[in-house]
Amino acid sequence: MPHEQDEKRTSLLIGVGVGPGDPELLTLQALRTLRDADLVVVPVRDDLDEVGHAEAVVRAHLSPGGSDSNDTARIVRAPFALTDRSGLSERRTRAWETAARVVLDAFADGAATVAFATIGDPNVYSTFSYLAATVREARPDIQIRTVPGITAMQALAAASGTVLCEGSEPLVLFPALGGPSAIDEVLQHHALAGATVVAYKGGRHWPELRKVLAAHGRLSSAVVGSHLGRHDQAVHEAVEVDGEIPYLSTVIAPSRRTTRGGKLA
Ligand SMILES: C[S@@+](CC[C@H](N)C(=O)[O-])C[C@H]1O[C@@H](n2cnc3c(N)ncnc32)[C@H](O)[C@@H]1O
């Protein structure tokens, strides 16, 4: 653990999880970090000029023209290739470097603490890890921390009244980006047969995912949540949902449970 006096001299980059979208699902530590930071960087789509999901949560807590510790003037947008689906592409790499440059310039201009707001948790499928790696490469002396955030998976569990896991049940979170066989592999993995399965990033692949869930007898108890915490939030039983669903959608297929406490080891 660094000594407190060392911390004061050190440039600090903090990945702040701002939750899935509902401004009330922001922790007190996240709020304090956003208020105390010299700069709050928010990821936005590089192909759109609009307020992003994380920025909307941040703006709900900082006011325009507020006091020094509570103003929106400290918000800086960093464009990310959020819609790029072509792997480690040139566009993605350029975006990480541009965002890292925003952070590095802020430190060069005298900032002591830069916060990077990201939806959900910064350690779960977040752009923050790529940004942090890029900044670390350029300036290994910069300290990097994270403030945990409430994940979309937790928000959907609460909104749909779904228990994520009990007793000895595994909990599997996977990105449903592959085709049906990749999804099928997750569901039929023997060690995971009794697991609750959560799918992220599967909006476009929902029709395939739906079929695979049905084939494994997991569709009837599954739930789908889109745009959780936002004004257009939609939470449905999975059997009711057909066709493509938005990118910001989460699917939970809960473990099969028959008796209370039946999965206790
Ligand atoms: C890049 S990952 C971000 C995950 C996020 N860091 C977390 O901890 O939940 C994006 C995926 O998270 C899920 N997600 C994030 N926010 C969501 C929301 N508001 N509603 C539904 N799903 C969401 C979706 O599956 C989406 O495709």
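## Ligand contacts

A backbone N or O atom of Y247 sits 2.8 Å from an oxygen atom of the ligand. Polar contacts here are pairs of N or O atoms within 3.5 Å; within protein, one must be able to donate a hydrogen and the other to accept it, and residues adjacent in sequence count only if both atoms are side-chain atoms. A ligand nitrogen atom lies 2.9 Å from a backbone N or O atom of P20. T250 places a polar side-chain atom 2.8 Å from a nitrogen atom of the ligand. The protein covers 95% of the 560 Å² of accessible area that the ligand has on its own (Shrake-Rupley method, 1.4 Å probe; for residues, only the protein chains shown count as cover).

The shell around the ligand has 17 residues, and D121, V124, Y200, Y247 and S249 come nearest (near: a heavy atom within 4 Å). By class, 9 are nonpolar, 6 polar and 2 charged. Ala, Val, Leu, Ile, Met, Phe, Trp, Tyr, Cys and Pro count as nonpolar, Asp, Glu, Lys and Arg as charged, and the others, Gly among them, as polar.

## Basis of the model

This is a predicted model: local features need pLDDT of at least 70, side-chain atom pairs count only at pLDDT 80 or more, and totals for chains, interfaces and linings use all residues. Residues are numbered from 1 along each chain as its sequence is written, and side-chain values use heavy atoms, with hydrogens and water left out.

## Nonpolar cores

The largest nonpolar core holds 22 residues. A core is a set of buried Ala, Val, Leu, Ile, Met, Phe, Trp, Tyr and Cys residues joined through side-chain atoms within 4.5 Å. Buried means under 20% relative accessible area, exposed over 50%, partly exposed in between (1.4 Å probe, protein chains only). F174, I183, W206, L209, L213, V224 and V251 touch the most other members. Helix α8 gives the largest share, 4 residues.

Beyond four places in sequence, F174 touches Y125, I183, V186, V197, V198, A199, Y200 and L209 (contact: heavy atoms within 4.5 Å). Another core, of 20 residues, lies apart; L13, V114, A132 and I142 are among them.

In α6 (residues 152-160), A152, M153, A155, L156 and A157 are buried. Helices (H or I, at least four residues) and strands (E, at least two) are DSSP runs, numbered from the N terminus. Cover for these residues includes β6, β7, β8, β9 and β10. Just after α6, G161 takes a positive phi of about 65°.

D46 lies in the loop between β2 and α3. D46 is partly exposed, at 32% relative accessible area. Leaving aside neighbours within four places, D46 contacts P79, F80, A81 and R91.
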